[in-house]
Every structure is written in structure tokens, then in C-alpha cells.
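Subject: Structure handover

Hello,

Here is the structure you asked about. Please open it first, then read my notes alongside it.

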Amino acid sequence: MNPLLTLSLLLAMAGSISAQDFAEEQSVKPGVNDNFLATDLDVSQWVERFEREGREVYDHRMEVLKAIALKPGDKIADIGAGTGLYTGLFSDAIGKEGTVYAVDIVPIFLSNILDRAKETRRTNIKTVLGTAKSTNLPENSVTKVFICDTYHHFEFPKNTLASLSKALRADGEIILVDFKREEGVSSDWIMNHVRAGESVFCGEIESAGFEKTASYDILKDNYMVRFRKK
């Protein structure tokens, strides 16, 4: 018998690894981020779309910020930071001793965030260019991770969550905000665009080594859930 196959079978029988772990993770939704990676992407259009009245996570941004309960000196990663809607709020909340890592896979979004940081003299913002499989955050660099309307854009959630686990310090937290996806209730756009609902996404995060610690009744079309690193 092939020795590598024998080793994998022994490990699987021992419960330390499954056969699936040996296979490279497959995309859960190929092309989900294609529109953001277009060479002619216009940041101003996305600012108008993301930072407007009527968008729930914009209208209730201060309630969301309060629920996160940031403290001066915190190190937080804003995953899928986009135009920086929450990045600036985090910057103000944690003070000069803290750090906000604005993470995105779109270089022009990050450039826009840096430009705005300079204009507003926010010196505690750092940008990180991620990939479809990794946030590229430094190991043990953050105390909190914020993922707002972005988890459903994780094309390789297992790999991305593994990178987040490495980046989080002991007892670090993930705060997840995403769209409610309910058959017969949610819009056609959500049903077609968002691949799964709250239970699936929360299950994936828990399987990555986190435990759910709280949920918040702040939003109507989105849910907000908190996890702690085990």
C-alpha cells in the first residue's frame, strides 16, 4: 500500500484528521467577487452604494459600534473593509494606541481608505491586501475581527477562517454581521447572492475553532453574532 495513503488512513482513524482535510478546499461560489476585481472599478460608485441612508448597516452603524464594545488600545481587523465605512469609526473608538487593520482583496479600496485616513489624520489605520484564501494578517496581531456583509463573499471560507484564527490572539473574538437568508421572506437578490443563512455560516465559524457567545437584536435584515476563540 502507498505509505502516504496508509498514513492518512491511520490519522483519519485516530480522529485527528479526515480524508477531506487532505484535499484542497474548493470554491464555494466561483466568481462571487468578480465585479470587485474589475479593472475599471469606480470607488465613488461604491461609496454611494455602501455609505448611504437606507442601507441598514449604515443607518445603524453607531448601534453596531456600541455593541462591539471597543476599548482604547484594541487591535481590530475590518475584514472586507470596502470603502472604510466602519474603519474610521473603529479608528476613533480605539484611539492612537490601538490599530485598525483594513483588509480587502481590492487594492483600489485600500488606497481609498489610506487617502481618507490621511485627510482625517487617522494614523492608527493599516491596510492589508488579502486574497481569496487568506486575510494575510500577521499572526497574533488582533484582538477582534469584524466581518460585515462580507462573509458571504468568502470564496474559500475554511482557508480564510484559518488565517483569521492565526491572526487572533488568545480569547480573540469574531463579530459577524450578514444578511438574513430565509426562504419565502428574503428578497430574490439575497436568495441568489448570499449562498447560505445564519445557521450555516455560524456552523462554519464554530467548526473553525470558535464558540458563539452572543447575538444582538439590533438589525432587521441582517443578524449580528459574536464568537470567541476557543
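Let's begin with one residue. At 32% relative accessibility, leucine 114 counts as partly exposed. Leucine 114 sits in helix α7. Which residues does leucine 114 touch, leaving aside its neighbours within four places in sequence? Leucine 114 is in contact with Ile125 and Thr127. Aspartate 217 is another matter: 103 residues separate leucine 114 from aspartate 217 in sequence, and their C-alpha atoms are 33 Å apart in space.

Before going on, a word on confidence. This is a predicted model. The protein averages a pLDDT of 92, and 90% of the residues score at least 70. Treat the start of the chain separately. Over residues 1-22 the pLDDT is below 50. Beyond near neighbours in sequence, that stretch has 9 contacts in the model.

**Helices α3 and α7**

Stay with α7 and bring in a partner. Two packed helices are described by the angle between their axes and the distance between the axes. Now the values. The axes of helix α3 (residues 43-50) and helix α7 (residues 107-119) come within 11 Å. They cross at roughly 75°. The two helices, α3 and α7, are therefore roughly perpendicular to each other. Which residues make the contact? From α3 come Val43, Trp46, Val47 and Phe50. From α7 come Ile108, Phe109, Asn112 and Arg116. By type, the residues of this contact divide into 6 nonpolar, 1 polar and 1 charged.

Val43, Trp46 and Phe50 are buried in α3. They cover an arc of only 60° around the axis, which puts them on the same side of α3. Gln45 and Glu48 lie on the other side of α3, and they are exposed. Here is the general rule to keep in mind. An α-helix has 3.6 residues a turn, so residues three or four places apart point the same way. What do the buried residues of α3 pack against? They pack against α4 (56-59), α6 (85-94) and α7.

**Helix α5**

Helix α5 covers residues 61-68. Its buried residues are Val64, Leu65, Ala67 and Ile68. Seen down the axis of α5, they fall within an arc of 160°, so they line one face of the helix. The cover over the buried residues of α5 includes α6, β4, β5, β6 and β7. Alanine 69 follows α5, and its phi is positive, near 60°.

Next, look at the loop between α5 and β1, where you will find aspartate 74. Is aspartate 74 buried or exposed? Its relative accessibility is 7%, under the 20% cut-off, so aspartate 74 counts as buried. Leaving aside its neighbours within four places in sequence, aspartate 74 is in contact with Ala69, Ile94, Gly98, Thr99, Thr143 and Lys144. Take threonine 143 from that list. Aspartate 74 and threonine 143 are 69 residues apart in sequence, but 6.4 Å apart in space, C-alpha to C-alpha.

**Helix α8**

Helix α8 runs over residues 157-167. Buried in α8 are Pro157, Thr160, Leu161, Ser163, Leu164, Ser165 and Ala167. What covers them includes β1 (75-79), β4 (142-148), β5 (168-179), α10 (198-207), β6 (210-216) and β7 (222-229).

**Residues to look up**

- Asparagine 140 has a phi near 55°, a positive value in a residue other than glycine. Asparagine 140 lies in the loop between β3 (125-129) and β4. With a relative accessible area of 43%, asparagine 140 is partly exposed.
- Aspartate 171 has a phi near 65°, again a positive value in a residue other than glycine. Aspartate 171 is found in strand β5. At 56% relative accessibility, aspartate 171 counts as exposed.
- Asparagine 192 is in helix α9 (residues 188-193). Its relative accessible area is 61%, and asparagine 192 is exposed. Arginine 181 is 11 residues away along the chain, and the C-alpha atoms of asparagine 192 and arginine 181 are separated by 9.7 Å.

Best wishes

Conventions:
Residues are numbered from 1 along each chain as its sequence is written. This is a predicted model: local features need pLDDT of at least 70, side-chain atom pairs count only at pLDDT 80 or more; totals for chains, interfaces and linings use all residues. Side-chain values use heavy atoms; hydrogens and water are left out. Axes are lines fitted to C-alpha atoms, for helices over the stretch in contact, and angles run from 0 to 180 degrees between N-to-C directions. Helices (H or I, at least four residues) and strands (E, at least two) are DSSP runs, numbered from the N terminus. Angles under 35 degrees count as roughly parallel, over 145 as roughly antiparallel, 65 to 115 as roughly perpendicular and the rest as oblique. Contact means heavy atoms within 4.5 Å. Ala, Val, Leu, Ile, Met, Phe, Trp, Tyr, Cys and Pro count as nonpolar, Asp, Glu, Lys and Arg as charged, and the others, Gly among them, as polar. pLDDT is the predictor's confidence in each residue, from 0 to 100. Buried means under 20% relative accessible area, exposed over 50%, partly exposed in between (1.4 Å probe, protein chains only). The arc is that of the directions from the helix axis to the C-beta atoms.
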